[in-house]
Amino acid sequence: MKSKTISTIHIDTFSIPFPFVAMSNKVCRGYTLIRAFGITALAILILVGIAGAAPFAYVTNIGDYDQRGPNVAVIDTATNNVTARVPLGGGWPVGVAVNPAGTKIYVVDSPSDSTVYVIDTATNKVSAKVNLGSSYPARITFNPAGTRVYVTKQHDYTDIFVINPATNTLMAPIIVGPSTYGIAFTPDGKKIYAANCNNNTIYVIDAATNKVTANISVGDSPCGIAVTPDGKKVYVLNYDSNTVSVINTATDNVIATVPVGNSPNLVAVTSNGNKVYVANNNTVSVIDTATNNVIATIPVGTSSRKIVINPDGNRVYLVNFGSNSVSVIDTATDNVIANVPVGEQPMGIAVTPDGKRVYVTNSRSSNVSVIDTATDTVAATVNAGILPTGVVIVPLTDSDMTSQSTGAISSSTEDRGIEVTNISSSEEINAVELNNYSDENNPESDNDNGSNANDSSKNNSTPGFGLLESLAGLYVGWKLGKR
């Protein structure tokens, strides 16, 4: 991205030199008006310049068409051209998040690299790296204030990384149970709610001390988690119970258990907090937050991957990994008004601040579909790189920050999928164990939230940690196709 420079114009440019003679009050008033007009015109020019700057889409890939290395492609949304490509290390980009100011992009790689790359959006260069050690990071997100970055881990790791973005150094970790992946914040940033799909628990964490202050029992295999905009309720998806637990944040008790569809795995809350949209297997359940009852069940595509609500709050966009489509839901009627065909196996989604474009990453097609929201059709296809997965838009919209800070549609790009063991480099892909990698064998594969990978009884039925696994399978398929 090229930094935008606004030229300054001295205010005397708009003034008129007068001879050194006495001026009438009328002339003085005219002179003052001209100067005032100059100031106003300058302000308008500046505002138009800022407002007219098109946002940029940042897309994570495992390689471009000229080199294999993972990178982040930068798409100018005004032209839908890739204007920059930021190289990363040797791992797999499994998560991407943007700070509230829109000045920094954080990308976490796994497993051989296990590094967080900090990209300066003014220069599109890596400005810092945070080494996470020999761990398997899973997800990354900012707190609402943008003063802390949190990285969850996969499998048996029992801590959450905490990064200070001011110094890009690791702080003391948060100690939790294994298989704790999804986290959400109250809007004031004082509390963190973390879902552990292994022990069916929600950890309540004091963000000031990073200490667990309460354990809340919920349903089986909690995965998706979101906090309402007023910070009063937490909605937890229980994947194996086909329910949603509703937590009162004042008491940290479950106040309702809402039956929904099969295998709920994604959640988004409207900006007014009136409705919660829960993506199940082939349906979306709509919960009225006033009554905590399901008021609509909406048929959609298969293998939901990501869900997002546009800035106006009148549309829900759901990525259907198995159907190669995006379902568009009208929040006024709770009906699907369009099913937009996109590329193969879409994974990530982001909406521009004006709500006019939706960017969808198609992992198998190795491209990005750009949806025109006025017509609900694909207006452009961008070759952003090989196996694109995550996407964020800079600058952020208010709904983006709500989603990022509450965990509703976390900016991370982790997903459920095939099983991988002991990957030490991209050269060792053929050595991994590819378990249940196909839509036919595992129609629920590659969804967004976590599960206990060590519980063999749940491997094929609960959400795994798995963008890493999905990427491995996709990469193998792509390499075989090249041959």
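Two strands are said to pair if DSSP finds at least two bridges between them, and the views below apply this to a predicted model.

**View A. An open sheet of 4 strands in the predicted model.** The strands follow the order S29-S30-S31-S32, with antiparallel pairing. Strand S29 (346–351) and strand S32 (377–382) form the edges, each pairing on one side only. On average, neighbouring strands of this sheet are turned by 25° against each other, direction ignored.

**View B. Strand S30 beside strand S31.** Strand S30 (residues 357–362) runs antiparallel to S31 and is joined to it by 6 bridges, and Asn-362 has Asn-367 of S31 as its bridge partner. The hairpin of S30 and S31 has 4 residues between the strands, and within this hairpin Ser-366 takes a positive phi near 55°.

**View C. Strand S31 beside strand S32.** Here 5 bridges join S31 (residues 367–372) to the antiparallel S32; Val-368 stands opposite Val-382 in S32, while Val-370 stands opposite Ala-380 in S32. In the hairpin of S31 and S32, which also has 4 residues between the strands, Asp-376 takes a positive phi near 55°.

**View D. The two faces of strand S31.** In a regular strand the side chains alternate between the two faces of the sheet. Asn-367, Ser-369 and Ile-371 lie on one side of S31 and Val-368, Val-370 and Asp-372 on the other, and all are buried. Because 6 of the 6 residues of S31 are buried, this strand is largely enclosed by the rest of the structure.

How values were computed: Residues numbered from 1 in each chain as written. Predicted model: local features only at pLDDT ≥ 70, side-chain atom pairs only at ≥ 80, totals over all residues. Heavy atoms only, no water. Axes fitted to C-alpha atoms, helices over the stretch in contact; angles between N-to-C directions. Buried < 20%, exposed > 50% of the residue type's maximum accessible area, 1.4 Å probe, protein only.
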